[in-house]
Amino acid sequence: MPLALLALSPFVEAQEELHAAASPSQPVTADHQIRVATELINRVLPGYSGQFTLEIIPRDQDRDVFEIDTRDGKIVLRGNNPVSLAMAFNQYIKYTAKGHFSWFGDQLNLPQTLPLPDKKERKVIDQKFRAYLNYCTVSYSAAWWDWKRWERELDFMAMNGINMPLSPVGLEAVWYNTLLKFKFSDEEARRFLSGPGHFAWQWMQNLQGVGGPLPKSWIDSHITLGKQIMERQLELGMQPIQQGFTGFVPRELKDKYPEAKISLQGRWCGFPGAAQLDPLDPLFAQIGRTFLEEQKKLFGAHGVYAADPFHESSPPVHTPEYLPAVGKAIHELFQSFHPGSVWAMQCWSMYKPIVDAVPVNNLIMLDLNGSKRKQHQNFWGHPFIAGNLHNFGGRINMHGDLPLIASNQYAQARKEAPNACGSGLFMEGIEQNPVYYDLTFEMPLHEDAVDLKTWLKDYAERRYGTQSPAAEEAWMLLLEGPYRKGTNGTENSSIIAARPALKPKKSGPNAGFHIPYPTELLYRAQENLLKDADKMKNSKPYLFDIVDVQRQIQSNLGQAIHAKAAEAFKNKDKAEFVKHSTRFLELLSDTDTLLRTRREFNFDRWLTEATAWGTTPQEKELLERDATSLVTSWGEGTAGDPIIFDYSWREWSGLIEGFYRHRWQMFYDMLRKHLDDGTDYNEDKLPMVHGREAWRANGFYKELAQWEENFVKTPGKARTPVIQGDELETVRRLFGKYKELAKEYGNVPLPNTDKGPRNENLGEAKVS
């Protein structure tokens, strides 16, 4: 066994003891693990658990293993723990029963008596750890989830083999309780805490208090929720990653402890810098130990602690001695609190001297986007997770390099670096591009690359509940289109979500406008998906897919329509300007109507779920404002104007009609007035931020900024009913309409303006 993995194995072997210590009333016996897995089956497939026999088997040379077999007319599932049993169950449903579990509804058109496996199947998982979630995922997607939604996600995680999830829910209570012990009042502690939509960047040490002060009712309710999540993770046999401590503290602590070495960081994306307590100061160990003890009281202590010192910031001292001392201080804090524990470090903003100061068997590196290991000599022998960072900001865009995923990145990493010990999904937002995640979740079951075309044909059958040559052809076209090689990484811009301009540069602070495939492929794919609609319309995932493809068709076409409107304005052709601008606004309204048929693409649902946590009108208003700010201005609390506005753009119903369309209407009205008055308007030499016009770049943008600020502050924006309309009927109508319209425009996209950064390096700071 490679040295790094051998060094990590005591931690691996201790997982059962950690779980047992956390839940002494439920010892980790074979019967207990079988009961846990059976309950999962009952939750996701009610009425069928009696057709399964579950058995616990030993690990295979310290690796997770499962088997699918048959005996006495029953389906036999074997595994070394509940996650392995859940994987066996999911694999059986996918490839024998031809069913499908998804974020977007399940396809479970199953017979009353399930088919028996043709032969025994045994899978040994080489990857010790399958990690999941980014801090950002919890804010961008899961900020408002209740226990029902979390329970579904935990089952989904287990069925897809996740055994190392990030687990920060309830962390606000840990901070609250800790601060009360260090001279903070109730109000001061809650004012330090951000709103739930911005928790991620507080936990990553970038900001404080944005969207707050946090209601005490939220803190209390999420202690309960966090305990439910942690208990379920432990009983499933998962190894949660809990929060560590690196010295991030409230700015106000400097006034309360003036003798302590507390430095104020520079601005982060326009927000006032956070405060950093020097890990070499005696107060560091006191606060750090209290923080870990308070976390243990609420959620237990389970052996892996996330810590990213100086994340997206700079150390206060730059000497050869300082950074190793920081690494040693944090390591000693963890070991004094929990001997034998493991430090989990994101590789986004790491420092080699800190890494080198920690023993190999006490540190695991999380290579979020899978690129850092090659830049940093495979992390100098430390165990690492080879990750994928597919989505930024929860943006809605069809993309994802399926050939890359099918090539088996972990297997390749392991050949080059024997200290690779697992894979991870570290997207900033989920509930988009389901095919990408379905394949990525499955890759730990494969020792080598998979035949992608064969896999996609199987995917279409189980997702839609029937064989359809037309659907299979649709997926070949989508593979040639948005899921082709090179489509990983930051989402290309959306004209719908772009802040209006004659020459829109970006719809957020990152990638510009670029459609990396012939747009006709989507039309051909949609035609194929609709051919067998009557056979597939009872599949909920099928209905999601046709809506998603239609959304992307209209989004792409919108680029060409706006380009014509802008050209007509420059040519002072009022009739043509009115024609094309009217069509563009109509496209936005139609896209809103289309997406309102689904809960996943729904701003009204987002707001409804946010405000449901409020216990008073004031709390509901606070939470709605936080939820709105996150996906629009991303700027309340900045020291000046927002600079990463629209970072989390979403092609969502409600957000399109209520926000994006209104912005474009204001812009076109302004241009129309210039045409009527015979005056000029141009965007040359306007102030820029991250490659697009600044928040208040000219008179129009000042007016727009005021409207956007009012939109964020306005309560009661959610429409009812949240979901409205029939997916298939709406798609058929809009596909016919826009297929014809595309012929007039040639569906030519905007010129490629993608000259900015494609990752999250935003200049002043990255937004992870």
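Two strands count as paired if DSSP finds at least two bridges between them. Helices (H or I, at least four residues) and strands (E, at least two) are themselves DSSP runs, numbered from the N terminus. The model here is predicted, so local features need a pLDDT of at least 70 and side-chain atom pairs count only at pLDDT 80 or more, while totals for chains, interfaces and linings use all residues. Residues are numbered from 1 along each chain as its sequence is written, and side-chain values use heavy atoms, with hydrogens and water left out.

Val304 stands opposite Val342 in β12.

There is also an open sheet of 4 strands, this one with mixed pairing and the order β1-β3-β2-β4. Here β1 (52–56) and β4 (121–125) are the edge strands, and because each has a single partner, one side of each is left without a neighbour in the sheet. From one strand to the next the twist averages 15 degrees; for angles like this, axes are lines fitted to C-alpha atoms (for helices, over the stretch in contact), and values run from 0 to 180 degrees between N-to-C directions. Strands β2 (residues 64–71) and β3 (residues 74–79) pair in the antiparallel sense, over 6 bridges. Across that pair, Asp69 stands opposite Val76 in β3.

Helix α3 (residues 30–44) touches β1 and β3, and its direction makes about 145 degrees with that of β1. Helix α4 (residues 82–95) touches β1, β2, β3 and β4, and makes about 50 degrees with the direction of β2.

Buried here means under 20% relative accessible area, exposed means over 50%, and partly exposed is in between (1.4 Å probe, protein chains only). At its N-terminal end α4 is capped by Asn81, with a side-chain oxygen 3.2 Å from the backbone nitrogen of Val83.

Helix α7 (residues 171–180) holds Leu179. Leu179 is buried, with a relative accessible area of 4%. Setting aside its neighbours within four places in sequence, Leu179 is in contact with Phe184, Ala189, Phe192 and Pro250. The C-alpha atoms of Leu179 and Phe291 are separated by 8.7 Å, although the two residues are 112 residues apart along the chain.

Most residues other than glycine have a negative phi, and most peptide bonds are trans. Phe310, however, has a positive phi, near 60 degrees. Phe310 sits in the loop between β11 (304–306) and α13 (322–337), and counts as buried at 1% relative accessibility. Lys685 has a positive phi too, near 65 degrees, and lies in the loop between α27 (655–677) and β16 (688–689). At 86% relative accessibility, Lys685 counts as exposed.

Cis peptide bonds turn up as well. The bond from Gly212 to Pro213 is cis, with omega near 0 degrees, and Pro213 lies in the loop between α9 (199–203) and α10 (216–236). The bond from Thr720 to Pro721 is also cis, with omega near -5 degrees; Pro721 is found in the loop between α28 (699–713) and α29 (727–745).

Last come the cysteines. A disulfide is a pair of cysteine sulfur atoms within 2.5 Å, and by this rule the count comes to 0 disulfides. For Cys269 the nearest cysteine sulfur, that of Cys136, is 11 Å away, and Cys269 is buried with a relative accessible area of 1%. The sulfur of Cys347 is 11 Å from the closest cysteine sulfur, in Cys421, which is too far for a bond. Cys347 counts as buried as well, at 2% relative accessibility.

Notes. Contact = heavy atoms within 4.5 Å. Polar contact = N/O pair within 3.5 Å; in protein donor to acceptor, adjacent residues only side chain to side chain.
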